[in-house]
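Have the viewer open as you read.

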Amino acid sequence: DFLQEGEPTSARCDDLAALKSKGCSMEDTENPRGSKQVLEDREVTGCKIGAAEKLKPEAITQIQPQKLVLKLRVGEPQTFSLKFKRAEDYPIDLYYLMDLSYSMKDDLENVKSLGTALMLEMEKITSDFRIGFGSFVEKTVMPYISTTPAKLRNPCTGDQNCTSPFSYKNVLSLTSEGNKFNELVGKQHISGNLDSPEGGFDAIMQVAVCGEQIGWRNVTRLLVFSTDAGFHFAGDGKLGGIVLPNDGKCHLENNMYTMSHYYDYPSIAHLVQKLSENNIQTIFAVTEEFQAVYKELKNLIPKSAVGTLSSNSSNVIQLIIDAYNSLSSEVILENSKLPKGVTISYKSFCKNGVNDTQEDGRKCSNISIGDEVKFEINVMANECPKKGQNETIKIKPLGFTEEVEINLQFICECQCQGEGEPNSPACHEGNGTFECGACRCNEGRIGRLCECSTDEVNSEDVDAYCRRENSTEICSNNGECICGQCVCKKRENTNEVYSGKYCECDNFNCDRSNGLICGGNGICKCRVCECFPNFTGSACDCSLDTLPCMASNGQICNGRGTCECGTCNCTDPKFQGPTCEMCQTCLGVCAEHKDCVQCRAFDKGEKKETCSQECMHFNMTRVESRDKLPQPGQPDPLSHCKEKDVDDCWFYFTYSVNSNGEANVHVVETPECPSGPDIIPIVAGVVAGIVLIGLALLLIWKLLMIIHDRREFAKFEKEKMNAKWDTVSQEAFICIRGTVV
């Protein structure tokens, strides 16, 4: 009886809240949880240089735990802590791989004594150090080398004595005898090639994959790559007619790489893979000229470093020490390939309180010997494997052989699925397995209780049971007909459910209010809202609560309307507002009661004659001054009024209505009348003003006359000067005429 009619059996699975709301008790609910179990948890060890008891490399532990089991349920992460401690006196294997092309001639002389000198320096770091040596030149085909017989015997020019060109040679496998290193390296000779880039990638690949021949142990593995030139990589082999990709396998015969003419150079990605698989940390010791190239290469190869090699390799020991300290001071975690649907995330807890997440959460820097750092690792399954099989992943620090092995077990079924009752009587006479409260039908049987046989069912007869009267729709188009019964569709939103004998009902197609089904105030059942108490309406949007309609005077809608769905419906159309308190066309309280207060308090005004008939609807109290009037803050609504009487005097009063509906008026017994004007100052002021204005006008007239007179005098003087000049001119003319005659 848990499922509604028409609901599919899958509806028995849901989130906890939904199951609880449907009445499923927690005792009847299966909710398996993920877990973690540590199987191997050896403490990290710390041995010191000079300790009496020297531990074997395999007995040293730098990472904890070593093995655990995680049971993963989809969407539920499991978290565990990983501890890393850099051990003191940890063994080191160092392989020196050198370019023996002609340009490295002077470098070879300095490397010949490298073995014993490097041994002495490395004893300060570890008491267990081994060193090896290898050399490379180039592929032994054109156009990388000259293939003439003479050049194959001695690729150098002039009287230089050089050895035949070769691709890669393992001169000395890893050994703890520094003198042997010096002896064998001292016998090496320079060779030569034609082009500038060298075949170093072929040599690195063989050093990485030929572990037995090189003699690598499960300890810190360092590869020093020394050159003064660039490198060939995948695709360059086509110049020599070599098209087969590098196979990443060991091809050493008598310590010589024999397949350089057959396989192309490895790609950078291929080298990264093999170096990582074999836990080899690379140190590129290159000259200043090629620093930029190898620094870019370093960014592509994890746990690698670049050092600047002097022109004759005299600084190679210090370069190796510095690069080793740089590499060993950083720990970077990497994991093996994850199964489909599984994700992993890291959070680091490094020195000095430095914490990081995401990609930076995989690493810690500036780690000294003996320092301990922690990582929090989160593993989550987003889907179940198709077959539900267990998977194994591994996590390890780059450059270290130690690793954490994690066995992933996926919880993809409830426990009750393994406790089913085969051929149960609950499934129609044993035609199915009763598990997890439902029937899983045997082959050939269908129906909720496996009551139908697929061979006996006639589809037309069955469909008739799944149609409503006078309808052609099977299961209302919201389900499918199985064994004469409707099994309703499931919606993407698990909270939305079809139900009913014909899947005609649902819980999401009811009326809405404010965007919510049933306004959020009811439950949708078969497309009809069932409202919570105090709500009504088709969308449960009508509240029966009268509190929103309550006015401040304690009356519902101020006695001027009715409360409907929590809103006042004002019966008098001139009133409006949430509680019918506003009237745009009405006089205010003060103006409305002004005349009645005036006639009762001062026996005057328009209603003086009818005061006893029209103005007895309130109680009146006289007070001495405005300070004695009631002030705001009392329980009853209060209005303060200031009005003018017939004598243009101001009178003050308050109007209030108590909870019993009684009106109370408090009025100041003495109106404020304005005093008459003072005549003498006014008259004196007017006379003084007239006199001053007259004087001002006289002064202005006098000023204008002075200006006019001066202008006229100036004009007169000018005309006078002009008349005098004309008289002098005529007299001069008469004198001249007299002389000529």
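## Helix 8 and its surroundings

Let's start with helix 8, where His270, Leu271, Val272, Lys274, Leu275 and Ser276 are the buried residues. Keep in mind that this is a predicted model. What do the buried residues of helix 8 pack against? Their partners are helix 6, helix 9 (291-300), strand 11 (280-286), strand 13 (331-335) and strand 18 (391-397).

Helix 6 (residues 200-209) has 9 of its 10 residues buried, so the rest of the structure largely encloses it. The buried set runs Gly200, Phe201, Asp202, Ala203, Ile204, Met205, Gln206, Val207 and Ala208.

Helix 6 packs on helix 8 (residues 268-277) at about 25°, and the two axes are 9 Å apart. Angles under 35 degrees count as roughly parallel, and therefore helix 6 and helix 8 are roughly parallel to each other. Their crossing is left-handed. On the helix 6 side, the contact is made by Phe201, Ile204, Met205, Ala208 and Val209, while helix 8 brings Ile268, His270, Leu271, Lys274 and Leu275. Sorted by class, that contact has 8 nonpolar residues, 1 polar and 1 charged.

## Two nonpolar cores

The largest nonpolar core holds 36 residues, and the ones touching the most other members are Leu94, Tyr96, Met98, Leu118, Phe129 and Phe133. Which helix gives the most to this core? That's helix 10 (residues 316-328), with 7 residues. Another core, of 30 residues, lies apart from it; Phe201, Phe231, Leu271 and Leu275 are among its members.

Ignoring neighbours within four places in sequence, Leu94 is in contact with Leu118, Phe129, Arg130, Ile131, Gly132, Leu174, Leu222, Val224 and Ile320.

Most peptide bonds are trans, and most residues other than glycine have a negative phi. Here are some exceptions to look up. The bond from Gln64 to Pro65 is cis, with omega near 0°, and Pro65 sits in the loop between strand 2 (63-64) and strand 3 (67-73). Met142 and Pro143 are also joined by a cis peptide bond, with omega about 5°; Pro143 is in the loop between strand 6 (129-136) and helix 4 (149-153).

On the phi side, Asn514 has a positive value near 55° and belongs to the loop between strand 28 (512-513) and strand 29 (516-517). Is Asn514 buried or exposed? The cut-off for exposed is over 50%, so Asn514, at 76% relative accessibility, counts as exposed. Asn534 has a positive phi too, about 75°, and is found in the loop between strand 31 (528-531) and strand 32 (535-536). At 47% relative accessibility, Asn534 counts as partly exposed.

## Out along helix 14

Finally, jump to Ile700, which lies in helix 14 (residues 679-740). Ile700 has a relative accessible area of 47%, so it is partly exposed.

Note on methods. Residues numbered from 1 in each chain as written. Predicted model: local features only at pLDDT ≥ 70, side-chain atom pairs only at ≥ 80, totals over all residues. Heavy atoms only, no water. Core = buried A, V, L, I, M, F, W, Y, C linked by side-chain atoms within 4.5 Å. Buried < 20%, exposed > 50% of the residue type's maximum accessible area, 1.4 Å probe, protein only. Helix = DSSP H or I, 4+ residues; strand = E, 2+ residues; numbered from the N terminus. Contact = heavy atoms within 4.5 Å. Axes fitted to C-alpha atoms, helices over the stretch in contact; angles between N-to-C directions. Parallel < 35°, antiparallel > 145°, perpendicular 65-115°, else oblique. Left-handed = near helix turned anticlockwise from the far one by under 90°. Nonpolar A, V, L, I, M, F, W, Y, C, P; charged D, E, K, R; others polar.
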